Amino acid sequence: MNSRAATLAAAMALLAAAGCAGPERHSVVDPAGVQADRIHGLWWLYLAVCVAVYVLVMAAVAVALVRRRGGSDQPLTAPPLAAEVRRGIAVAGCVGLTVVTLFVLLIADFVTGRRIDSLAREGTLTVRVTGHQWWWEVRYEESDPQQQHNAFTTANEIHIPTGRAVRFELESTDVIHSFWVPNLHGKTDMIPGHRTKTDIRADRDGEFWGQCAEFCGHQHANMRLRVIAQPEAEFQKWLAEQRQPARESAPKSSQDRGKGVFMKSSCVLCHTITGTQAGGRVGPDLTHLASRPRIAAGTLENTRGNLAEWVTDPHGIKPGVRMPANPLAPEDLHVLLDYLESLK
Amino acid sequence: MVRRALAVFTACSLLVACEREERQFRSAPPFGGPVRFEEDYQNNAHALSEGKRLYSAFNCKGCHADGGGGIGPPLMDEKWFYGSEPEQVFDTISKGRENGMPAFGGEARAPGINVVGTVPEHQRWQLVAYVRSLSGLASRNAAPGRNDHMQTKPPENEKEPETPVVAPPPPDVVLPK
């Protein structure tokens, strides 16, 4: 009996320990930004209050069960007046306590909401994120009309400078999506035909995972994005790289033949590669595809094998996805992969 | 008696569910096999709505608008320059036509026709089904309903079927030099 209890306790401890694995990339209880930190505080307050209320209610129920009245054979009599008054005071006290508790939660909620909203915007960095079924279009805007050529588009990957507030403008092209990076902030819905905004600041470097948080169809669960918070210098370097048009491939090389395949087949109809004739806005921008460590909205690692499978049979990986299957000849597929891998 | 009738009725109405529409993500047509136009496209709500999505995605709208025409001819009337049969529409989309219709099947019918990549074959069939639904030639049970955004025409599933008429193609447009 004792050993069984010990095993049970050990199992419970192990389960609990699973919750405290170091820094996490997709967790509300490991805040990496000032807003997530405030939400985290509110979360703990709610948890503590709710646990206390639950324990008190269960204790009251237990007491009521233990202190039961006599059997049904006893005649019913009205309780003495003093007992009636005492009971009335107890009920009024409990109602008062409930109201006070709810007010504490209400005020904490209100204060947190105001503090989240008052994030100072030091920089002018604006990122427009557009939800598509089932990927994220990410556009780095330039407010200065003279600098419009510096605006660029990427997909499923957002780089932000650590310590600087970034304005996210959120849109959707088809159905309602929701932008959620748990380590950095709460959810913000993306609504077709209506632009929503949220400000985010990461206070430590790292890679944080985001997830669509509003059911949007077949591949909702695999609609992920990565947010990379990095020091300002690294961030500027990344910006400079992304602003470049796609890398030219040497004439007659396999990359060049792959580019030919890209422009002749179905790829060109949906995808953009800056600096070439490919300008489709239906699928993700591929100008710097090889610089992104993951493909298919965070589902797969960006390796040659995965890329080949994704191009030829995307529905084997993500059923219902918008990308069509492309039955390419083996030779065409190989040179196409050479070309895609050269898009650094 | 009433109870038995009710039971039979319930059983019969359950049978209706047997004719469930199939939605194939990894459809057979692009990898060979005969094209079952009626089942897989013309009477299939998924194929028709995909066709509608692709109609915008590949910018058919740019010339044909929402079916009323503009630079290109209208698609919601009874007139067909190059034939209304599915194979004929497929041929028009795939190889293009003189007068400006680009080829979406990878190779043009004649020199001078612009080739805009290769739309996968099953997507071209989805487009054929949707284009035919614009003049009411698809199943009204399967055709797309009302748009979420502003309406420019009644929804496809409310379109009265037109009787196709073969009209002579317009004379070649001579572009000013």
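## A loop residue of chain B

R140(B) lies in the loop of chain B between α6 (121–134) and β2 (165–166). The model described here is a predicted one. With 14 other C-beta atoms within 10 Å, R140(B) is partly exposed, because a residue counts as buried at 20 or more such atoms and as exposed at 12 or fewer.

Helix α3 of chain A covers residues 81–117. At 1.5 Å a residue, its 37 residues should span 54 Å, and this agrees with the 54 Å between its end C-alpha atoms. Helix α3(A) is hardly covered, since the count of buried residues among its 37 residues is zero.

Helix α2 of chain A (residues 34–66) packs against α3(A): the two axes come within 9 Å and cross at roughly 170°. The angle lies over 145 degrees, and α2(A) and α3(A) are therefore roughly antiparallel to each other. On the side of α2(A), the contact is made by Q35(A), R38(A), I39(A), L42(A), L45(A), Y46(A), V49(A) and V53(A). On the side of α3(A), the residues are T101(A), L105(A), A108(A), D109(A), T112(A), R115(A) and I116(A). An α-helix has 3.6 residues a turn, so residues three or four places apart point the same way.

## The crossing of α7 and α9

In chain A, the axes of helix α7 (residues 304–312) and helix α9 (residues 330–341) come within 10 Å and cross at roughly 120°. The helices α7(A) and α9(A) are therefore oblique to each other, and their crossing is right-handed. Helix α7(A) contributes R304(A), L307(A), A308(A), V311(A) and T312(A) to the contact. Helix α9(A) contributes L333(A), L336(A), L337(A), L340(A) and E341(A).

## An open sheet of five strands

Chain A contains an open sheet of five strands in the order β3-β2-β1-β5-β8, with mixed pairing. Its edge strands are β3 (152–155) and β8 (196–200), each of which pairs on one side only. On average, neighbouring strands of this sheet are turned by 25° against each other, direction ignored.

Within this sheet of chain A, strand β5 (residues 166–172) and β8(A) run antiparallel and are joined by five bridges.

## Strand β10 and residue I228

Strand β10 of chain A comprises residues 224–230 and includes I228(A). Strand β4 (residues 157–161) of chain A pairs with β10(A) in the parallel sense over five bridges. Strand β9 (residues 206–212) of chain A runs antiparallel to β10(A), and six bridges join the two. The partner in β10(A) of G210(A) is L225(A).

I228(A) is the bridge partner of H159(A) in β10(A). Leaving aside neighbours within four places in sequence, I228(A) is in contact with H159(A) and E207(A). I228(A) is partly exposed, with 18 other C-beta atoms within 10 Å. Between I228(A) and F179(A) there are 49 residues of separation in sequence and 15 Å in space, C-alpha to C-alpha.

Technical notes:
Residues numbered from 1 in each chain as written. Chains lettered and ligands numbered in written order. Predicted model: local features only at pLDDT ≥ 70, side-chain atom pairs only at ≥ 80, totals over all residues. Pairing = 2+ DSSP bridges. Helix = DSSP H or I, 4+ residues; strand = E, 2+ residues; numbered from the N terminus. Axes fitted to C-alpha atoms, helices over the stretch in contact; angles between N-to-C directions. Expected span 1.5 Å × (residues − 1). Parallel < 35°, antiparallel > 145°, perpendicular 65-115°, else oblique. Left-handed = near helix turned anticlockwise from the far one by under 90°. Contact = placed C-beta atoms within 7 Å.
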